[in-house]
Amino acid sequence: GDGPAAGPVGTLPGSPAAARNLRPILDMLVPRLPDTGLVLELASGLGEHVAALAERRPDLIFQPSDADPDRLAVIDARCTGLPNVRAARALDACAPGWGGGVRAGLLVVVNLLHLISEAEMAVLLDEAAQAVAPDGLLAIYGPFLRDGTTTSEGDAEFDARLRAEDPALGYKEVEVVETVLGALGLSVERFEMPANNVMLVARKGAVPGL
């Protein structure tokens, strides 16, 4: 890879999916970063996305988070040398109550919805809608079902593997997520991404109805 990945970051664990998806995700998110304020990432994992975004916008504050306490140290290590990244926060995005005290100009969720249940997703979307500042954005990236079906053999296999592990997991229907976000007062755009992924960009209107 290019860029400032020498130094200690070279020894950190990395996710092949994150490396493969990072460029198209950045291409979508960088132009949509807010002018000021906080960027919150849920389920930051190993910290690749938040570090890459923070490098590009030293003027913004970035808050990584994850429900897995073991990952917080990895995220912090990856973001060493980025003064605009806050210490990773222990946050379970599927637990009720975290969204009320947050005002994020951009809230980012990457490759999480297929790893949680429908009930957990309902809580996450509700809290995320509360956490987005007026006129802020919620960006959700990952694999989805379209009209109830997967769009590739690889996706079908991965979805089946998740459901075999836990029937509550698996790909969510993109139309359902769009409907829920609409009911929560967000206007949603869908962007088709490489490898059959989708980026949903939902804007919270500063004025209801606009």
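**Exercise 1. Find the salt-bridge partner of R146 and state which parts of the chain the pair connects.**

Solution. Begin with the contact: R146 forms a salt bridge with E192, and the closest N and O atoms are 2.6 Å apart; a salt bridge here is a side-chain nitrogen of Lys or Arg within 4 Å of a carboxyl oxygen of Asp or Glu. Helices (H or I, at least four residues) and strands (E, at least two) are DSSP runs, numbered from the N terminus. Finally, check the cover: R146 is buried, with a relative accessible area of 11%, where buried means under 20% relative accessible area, exposed over 50%, and partly exposed in between (1.4 Å probe, protein chains only).

The model is predicted, so local features need pLDDT of at least 70 and side-chain atom pairs count only at pLDDT 80 or more, whereas totals for chains, interfaces and linings use all residues. Residues are numbered from 1 along each chain as its sequence is written, and side-chain values use heavy atoms, with hydrogens and water left out.

**Exercise 2. Describe the salt bridge between R203 and D135, including the elements in which the two residues lie.**

Solution. The side chains of R203 and D135 meet at 3.4 Å, N to O. Because R203 lies in strand β7 (residues 197-204) and D135 in strand β5 (residues 132-143), the pair ties together parts that are 68 residues apart in sequence. As for cover, R203 is partly exposed at a relative accessible area of 36%, and D135 is partly exposed at 43%. The structure holds eight salt bridges.

**Exercise 3. Work out how strand β2 is paired and covered.**

Solution. First consider the whole sheet, in which seven strands form an open arrangement in the order β3-β2-β1-β4-β5-β7-β6, with mixed pairing; two strands pair if DSSP finds at least two bridges between them. The edge strands are β3 (89-90) and β6, each of which pairs on one side only. Then turn to the neighbours of β2: four bridges join strand β1 (residues 38-42) to β2, and these strands run parallel, while two bridges join β2 to β3, again in a parallel arrangement. At the level of residues, V39 has F62 in β2 as its bridge partner, and D66 stands opposite A90 in β3. Strand β2 (residues 61-66) is mostly covered, since five of its six residues are buried.

**Exercise 4. Is D66 buried or exposed, and with which residue does its side chain form a salt bridge?**

Solution. At 4% relative accessibility, D66 counts as buried. Its side chain meets that of R71 in a salt bridge of 4.0 Å, N to O, and R71 is partly exposed, with a relative accessible area of 36%.
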